[in-house]
Amino acid sequence: MTVTAERETEVVYPHPTPPVLGGFQGLPQRPGWLSQHLGTAAIGAVLGYLLGHWLGNVVASGYTNIADSGVNAVAITGGLLLGVFGWLLGIGALNYPLAKMVGLETRPDYESTSWTRYLRYTVDHKVVGLQYVIGVLAFLFTGGLLAMGIRTELLSPSSHLFGPGTYIAIVSEHGTIMMMMATSVIVGPLGNWLVPLMIGARRTAFPRVEAFSFWIFTAGYLVILSALFYGGFPTGWTGYAPLQTQAGGGMMSYLVGFAVIGIGMMAAGFNLAVTIINYRAPGMTWSRIPIFVWSILATCALLTLATPTLVAAGFFGILDHTAQTAFFVTEHGGSSFLWENLFWFFGHPEVYIMALPGFGIVFEILPVFTRKPLFAYKVAAAGMVGVALLSFFVWQHHLFQSGINPDMRPLFMLTTELISIPTGFIYLVGLGTLYKAKIKFEVPMLFALALFFNFLIGGITGVFLSDVPVNVTVHGSFFVLAHFHYTIMGGLIFAFFGGLYYWLPKMTGKTMNKKLGQIHFWIMFIFFNLTFFPMFLIGLLGQPRRVFEYAQNLQALNDFSSVSAFILGASFLVFVANFVWSIFIKPTPAPANPWDSLGLEWQTPTPVPYYNFERIPVVLSDPYHYSEENAPAVADLGEEGVLVAAGASSPASVAEEPRPAAE
Amino acid sequence: MTIDNAESEGQGVAAEAEAVIAQPGKEPRHIWRMVAIWLVLSAVLDPLFYILVGPHVPPGTMTSAAKDNQFDFNILLVAALPVFLAVWVYLAYSAVMWRASRKGAPEPVGGAQARTHLGLQVGWIVTTTVIVLGLFAFGTVEVITKAGSGGGEGPNPIWTPTSATILPVQVIAQQWKFTYRYPTFGGFETQDLVLPNNTTIAFHVTSLDVIHGFWAYQLSIKADANPQQDDVAYATTRQTGSVTVRCEELCGLWHGAMFNYGKVVSKAAFVAWAKSTPTPSSCRPLPTRTCPTQTAPMAGTTPTTWIPIATQRSTGPSRRHRDTDHLWIPVHQSC
């Protein structure tokens with residue numbers, strides 16, 4: 001085969017000097033406390049909040065959108081918005097644009113190599129990826145704690161741990177935090193960390209936007225947590241008007257939180273999409289990019305195109321609360337249907353934002369642990385693109401019983417059923433890759449196989465929900481709850497943990513403990529199924545969602561589910577113990593390529609240097625040539641040699657001498 | 001690659017089978033094996049489910065809508081079960097037969113044959129498309145021919161029942177209770193949903209404040225209650241029994257406690273109950289709008305206040321009520 005691509009002339013900046021960053025002339029970055037870091041971000045947030053709250057009270061003194069409540073939504077909104085702005089100012093995310101606006105010369109920042117760079121606004125995509133790991137785990141465990149509260153309340157149908165207001169606040173907070181987390185759970189940590197390495201680039205297209213997306217993600221977390229200080233919000237994560245209009249201060253946290261996180265989502269999606277399109281190494285054609293990159297590309301299309309609807313809907317809600325508009329208030333000429341449709345027009349692509357990266361991770365893991373190429377790579381990519389495209393056409397299946405025009409129902413039933421065809425491609429590719437393989441049941445592989453098991457249940461129950469007559473029975477009940485937990489948690493979160501176990505040795509340079517990983521997997525898998533499978537039955541037997549009282553005869557099922565949920569929660573502690581032990585307390589250095597993978601990201605030393613590759617590789621084929629006689633070379637790594645898969649089951653080898661381009 | 005036969009003789013059948021697998025030229029036909037296992041399991045479990053579990057599947061058979069939705073669920077499960085089994089059988093088979101730890105495991109074969117198989121890909125796509133389109137056709141036929149299958153159709157329903165007499169019941173949701181109003185019986189309001197047997201009922205669901213969800217479980221009726229909107233759902237009662245009504249759309253603080261009960265009784269018992277429940281004289285009706293009646297009143301009722309019922313779709317220019325005719329349905333206040 002011939003090398004058709006030309007070598008790239010030297011890269012953006014000579015190695016090893018770090019890239020030019022924005023340095024505000026008057027506030028030089030320097031090591032230590034007197035620079036911008038998490039602490040200054042917190043200070044900025046507090047000062048911003050106080051200023052915004054005060055401004056809100058000045059602008060709309062005495063305004064309460066609910067009579068006699070004493071809650072000034074303008075002040076709360078002002079506080080939250082300026083708090084977010086202050087947080088970003090404090091961390092230094094706005095230094096560069098502000099310097100440019102004012103006409104000041106920007107200069108390179110102090111480039112930290114200490115651990116404190118994880119607490120700063122750092123534009124190295126690998127640092128951002130690891131920051132996201134901690135960020136999404138914080139979201140996950142907060143939401144998980146709230147879930148434990150929900151399951152505790154549901155232990156008894158008649159005696160109550162929480163008052164109804166507290167309970168509904170917990171339910172709403174759990175849902176919203178988990179959805180915000182799940183949106184970025186793979187794109188954030190693994191997308192940012194892996195994509196440039198997988199495509200043979202040194203950085204993403206917009207490193208400042210990438211770092212900004214992380215810090216606004218954390219700001220969104222704090223905003224949504226602030227709801228608890230305002231007494232929570234009563235609408236669930238779906239935020240239906242007019243209950244939304246009726247709600248108090250906590251509602252502003254929800255609306256502002258979504259707007260803020262939405263901006264972060266759009267930024268991250270935009271950045272990764274441009275990176276994938278423009279920054280691929282020479283020779284990396286569209287049929288050679290790793291399948292994970294395809295899944296991220298499809299996800300980024302959804303992130304960039306669907307999220308603006310959410311942000312707009314959030315703004316309308318904020319205006320309804322503060323400026324006395326009536327977008328969602330039927331009595332004054334608006335419509336509660338407007339919120340429902342805007343929300344779900346975003347909401348449905350949102351859940352595919354969550355599903356697609358999970359598939360991508362699983363497809364990266366499968367070939368490595370079956371030592372076989374990915375079956376039907378093009379079908380896999382087509383499946384992901386097909387799902388992304390179709391996901392815009394199905395949103396009204398959430399609204400079948402809402403009083404929408406009945407003509408719409410068969411149409412959306414059709415589109416929803418059709419979307420299961422590209423989803424089925426995922427199974428074709430997965431099962432085909434397993435055929436006559438040599439399966440090694442390492443911890444990442446266990447999680448990948450679990451996705452296939454769980455998502456099958458989740459996906460097929462989705463077909464049940466899409467059938468309009470059956471939807472009459474199951475809409476709004478625990479059946480829906482079980483369905484989306486099976487797809488989002490059973491699919492995405494399992495894939496996330498599989499990806500973590502797989503890539504953490506490269507990301508941190510430390511090996512995760514295998515025994516603890518296996519214990520974590522089995523407890524999580526078994527008790528996840530024991531928690532959520534009974535919920536299908538609970539829903540069929542008539543228990544609606546988000547209730548704190550239910551029929552007496554359902555107590556046994558609910559208790560079974562709750563106890564399993566507690567054990568499921570405990571399994572995450574095993575992961576935390578493993579994480580802390582293996583990375584901080586008793587670390588074992590990991591080899592550069594412990595799983596013998598052909599991926600480009602594994603062909604770097606551990607820890608990965610700042611500039612990723614000494615020399616940008618020239619890609620010669622896709623990275624799935626396992627167990628192939630006379631396999632083509634995967635990539636020319638320059639002085640390090642040529643990456644070649646050396647036959648069946650042997651470790652990927654790198655030849656000593658660079659091979660001349662052969663035909 | 002060869003295997004030590006002496007070694008395998010000392011072990012069980014599985015080892016022998018694996019020995020056979022390992023010998024060149026004696027590759028077992030994995031796909032046929034899996035298909036066989038799958039066929040047997042499906043042939044046993046599908047009818048077992050349909051016959052034993054099917055008649056007890058929610059929501060039961062109290063109304064025509066319930067019976068139809070139970071049937072739809074059963075058909076879907078009968079179609080889904082083989083799909084579940086196919087993937088599970090494959091996953092289990094591959095985990096056992098193709099695990100790396102088995103003795104003498106052959107090396108997997110990569111290359112072009114492992115990367116693509118056009119026949120399989122095309123076959124898969126065609127099969128899944130046929131199944132999906134079949135399910136879509138089934139669902140559409142069911143929802144159209146069964147008067148909307150108990151789902152709320154909005155203010156202008158297009159799939160209406162064919163029976164000549166329809167009893168309208170207005171469901172008024174508020175935070176946090178359901179009230180039922182019987183316009184053909186003088187418009188009295190009650191919190192007991194009592195319904196006559198063997199009658200087609202039109203539920204007109206609306207809300208006084210936020211969005212609620214009217215879910216009459218045994219009747220298989222589910223319709224969102226939107227403020228200032230009418231949402232119409234149909235069912236024909238077929239059996240007597242008790243009914244649980246729950247709110248299935250989060251509506252605030254006491255959403256979890258928003259439920260009440262009702263029952264389906266004989267026609268005579270219903271008329272007797274309805275006539276004996278007085279409209280409190282202290283109630284003042286709000287301004288009403290009357291529309292020309294579309295169907296004959298139910299025997300024994302007094303047609304005082306009517307809720308307009310949309311006409312069935314016809315081939316001519318469709319006559320539908322405007323939304324505003326349904327918007328402000330007469331409701332008694334201060335009761």
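Visitor: Which hand does the crossing of α13(A) and α6(B) have?
Guide: The crossing of α13(A) and α6(B) is right-handed. Keep in mind that this is a predicted model.

Visitor: At what angle do those two pack, and how far apart are their axes?
Guide: Helix α13 of chain A, residues 408-418, packs with α6(B) at an angle of about 160 degrees. Their axes are 9 Å apart. An angle over 145 degrees counts as roughly antiparallel, so that is how α13(A) is placed relative to α6(B).

Visitor: Which residues meet there?
Guide: From α13(A) you have R409(A), P410(A), M413(A), L414(A), E417(A) and L418(A). In α6(B) they meet V132(B), L135(B), F136(B), G139(B), T140(B) and V143(B). By class, the contact of α13(A) with α6(B) divides into eight nonpolar, two polar and two charged residues.

Visitor: OK, zooming out. How many residues of chain B are in contact with chain A?
Guide: 75 residues of chain B are in contact with 79 residues of chain A. On the chain B side, the elements that give two or more residues are α4 (64-97), α5 (112-115), α6 (118-145), β6 (212-216), β7 (221-225) and β9 (241-247).

Visitor: Which of them gives the most?
Guide: That would be α4(B), with 13 residues. Sorted by class, the side of chain B that touches chain A has 37 nonpolar, 25 polar and 13 charged residues.

Visitor: Let's switch to chain A by itself. What is its secondary structure?
Guide: Chain A has 19 helices and four strands. Its C-alpha atoms fill a box of roughly 80 × 60 × 50 Å along the principal axes.

Visitor: How does its radius of gyration sit with a compact globule?
Guide: It agrees: with 663 residues, a compact globule would have a radius of gyration near 26 Å, and chain A has 25 Å. Buried residues make up 63% of chain A. Among its contacts with a separation of 6 or more, 79% come from residues 24 or more positions apart.

Visitor: Can you show me some helix pairs inside chain A?
Guide: Helix α5 (residues 164-184) and helix α7 (residues 207-229) of chain A pack at about 175 degrees, with their axes 10 Å apart. That angle is why α5(A) and α7(A) are roughly antiparallel to each other. On the α5(A) side the contact includes A169(A), E173(A) and I177(A), and on the α7(A) side F217(A), G220(A) and I224(A) are among the residues involved. That contact has seven nonpolar, three polar and one charged residues.

Visitor: And what about α10(A) and α12(A), how do they cross?
Guide: Helix α10 (residues 291-322) and helix α12 (residues 377-390) of chain A have axes that come within 9 Å and cross at roughly 10 degrees. They are therefore roughly parallel to each other. The crossing of α10(A) and α12(A) is right-handed. Residues making the contact include W294(A) and L302(A) of α10(A), along with Y377(A) and M384(A) of α12(A). The contact of α10(A) with α12(A) divides into 11 nonpolar, one polar and no charged residues.

Visitor: Back to chain B. What's in it?
Guide: Chain B comes to eight helices and 12 strands. Buried residues make up 36% of its 335 residues. Among contacts in chain B between residues at least 6 apart in sequence, 70% join residues at least 24 apart.

Visitor: Where are the cis peptide bonds?
Guide: One joins T606(A) and P607(A), with omega about 0 degrees. P607(A) is in the loop between α19 (555-585) and β1 (618-619) of chain A. Another joins Q175(B) and W176(B), with omega about 10 degrees. W176(B) is in the loop between β1 (166-174) and β2 (177-182) of chain B.

Visitor: Which residues other than glycine have a positive phi?
Guide: A147(B) is one of them, with phi near 55 degrees, and Q228(B) has a positive phi of about 60 degrees. A147(B) is found in the loop between α6 and β1 of chain B, while Q228(B) is in the loop between β7 and β8 (231-236) of chain B.

Visitor: Is A147(B) buried or exposed?
Guide: A147(B) counts as buried because it has 25 C-beta neighbours inside 10 Å. Q228(B) has 17 such neighbours inside 10 Å, so Q228(B) counts as partly exposed.

Technical notes
Residues are numbered from 1 along each chain as its sequence is written. Chains are lettered from A and ligands numbered from 1 in the order in which they are written. This is a predicted model: local features need pLDDT of at least 70, side-chain atom pairs count only at pLDDT 80 or more; totals for chains, interfaces and linings use all residues. Axes are lines fitted to C-alpha atoms, for helices over the stretch in contact, and angles run from 0 to 180 degrees between N-to-C directions. Angles under 35 degrees count as roughly parallel, over 145 as roughly antiparallel, 65 to 115 as roughly perpendicular and the rest as oblique. Two residues are in contact if their C-beta atoms, placed from the backbone, lie within 7 Å. Ala, Val, Leu, Ile, Met, Phe, Trp, Tyr, Cys and Pro count as nonpolar, Asp, Glu, Lys and Arg as charged, and the others, Gly among them, as polar. A crossing is left-handed if the near helix is turned anticlockwise from the far one by less than a right angle, and right-handed if clockwise. The radius of gyration is taken over C-alpha atoms; the globule rule is 2.2 Å times the number of residues to the power 0.38. A residue is buried if 20 or more other C-beta atoms lie within 10 Å of its own, exposed if 12 or fewer, and partly exposed in between; C-beta atoms are placed from the backbone.
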